[in-house]
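Thanks for coming. I will go through one structure this morning, residue by residue where that helps.

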Amino acid sequence: MTKVKKRELLRTARSWDGASLAALVSRDEEIVSIRYEFDPGEKLGWHHHDVLNFGVVERGDLTIVDVDGNVKVFRAGDALVEMVGTVHHGENNGSETVVLIMFYLAPKGVALSVPHPELPPCD
């Protein structure tokens, strides 16, 4: 069981002044922002995304591994666009907490992340 801390920062289809984002977002979509914290040694289990998402590593070094064993390290200040439809996991192999701010564009009610518990644990 992962101990990664997750806090939703925003979920909206409107700008800060209440105006509709209909020109950019369809009626059934919303923008969601989540702040994740990965303590050293923590791993987020295997999952994939069916929705567009991107973010910035605010602190630490985040390692992302896909199901084929490809590895990419994102460091503090790096922006990233997540894979869509590809099974992967994130982990903190560093000595400080990773803070990751992610933004999702998703149809309302659709899971932002789909877990894959049928895969072996991320070792």
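**A histidine in a strand**

I start with His88, which lies in strand β8, residues 88-91. Strands here are DSSP runs of E with at least two residues, helices are runs of H or I with at least four, and both are numbered from the N terminus. This is a predicted model, in which local features need pLDDT of at least 70, side-chain atom pairs count only at pLDDT 80 or more, and totals for chains, interfaces and linings use all residues. Residues are numbered from 1 along each chain as its sequence is written, and side-chain values use heavy atoms, with hydrogens and water left out.

Is His88 buried or exposed? His88 has a relative accessible area of 0%, so it is buried. The cut-offs are under 20% for buried, over 50% for exposed, and partly exposed in between, with a 1.4 Å probe and protein chains only.

The side chain of His88 makes two polar contacts that I want to show. With the side chain of His49 the distance is 3.4 Å, and with the side chain of Glu82 it is 3.2 Å. A polar contact is a pair of N or O atoms within 3.5 Å; within protein, one must be able to donate a hydrogen and the other to accept it, and residues adjacent in sequence count only if both atoms are side-chain atoms. Not counting residues up to four places away in sequence, His88 touches several others, among them Trp46, His47, His48 and Ile64. Contact means heavy atoms within 4.5 Å.

**Another histidine**

His116 sits in the segment after β10. Its relative accessibility is 16%, so His116 counts as buried. The side chains of His116 and Glu118 are joined by a polar contact of 2.8 Å. Beyond its neighbours within four places in sequence, His116 is in contact with Trp46, His47, His48 and Val87.

**Salt bridges**

How many salt bridges are there? The count is three, where a salt bridge is a side-chain nitrogen of Lys or Arg within 4 Å of a carboxyl oxygen of Asp or Glu. Arg35 and Glu37 meet in one, at 2.3 Å from N to O. Glu58 forms another with Arg35, with the closest N and O atoms 3.8 Å apart. That pair links distant parts of the chain, since Glu58 is in strand β4 and Arg35 in strand β2, 23 residues apart. Arg35 counts as buried at 17% relative accessibility, whereas Glu58 is partly exposed at 47%.

Asp61 and Arg75 meet in a salt bridge of 3.0 Å, N to O. Here Asp61 is in strand β5, residues 61-66, and Arg75 in strand β6, residues 71-75, 14 residues apart. Through shared partners, salt bridges join Arg35, Glu37 and Glu58 into one network.

**The whole chain**

The protein has zero helices and 10 strands. Of its 123 residues, 37% count as buried. Among contacts between residues at least 6 apart in sequence, 73% join residues at least 24 apart.

Last, confidence: pLDDT is the predictor's confidence in each residue, from 0 to 100. The average is 87, and 89% of the residues score at least 70. Where pLDDT is low, the predicted coordinates should not be read in detail.
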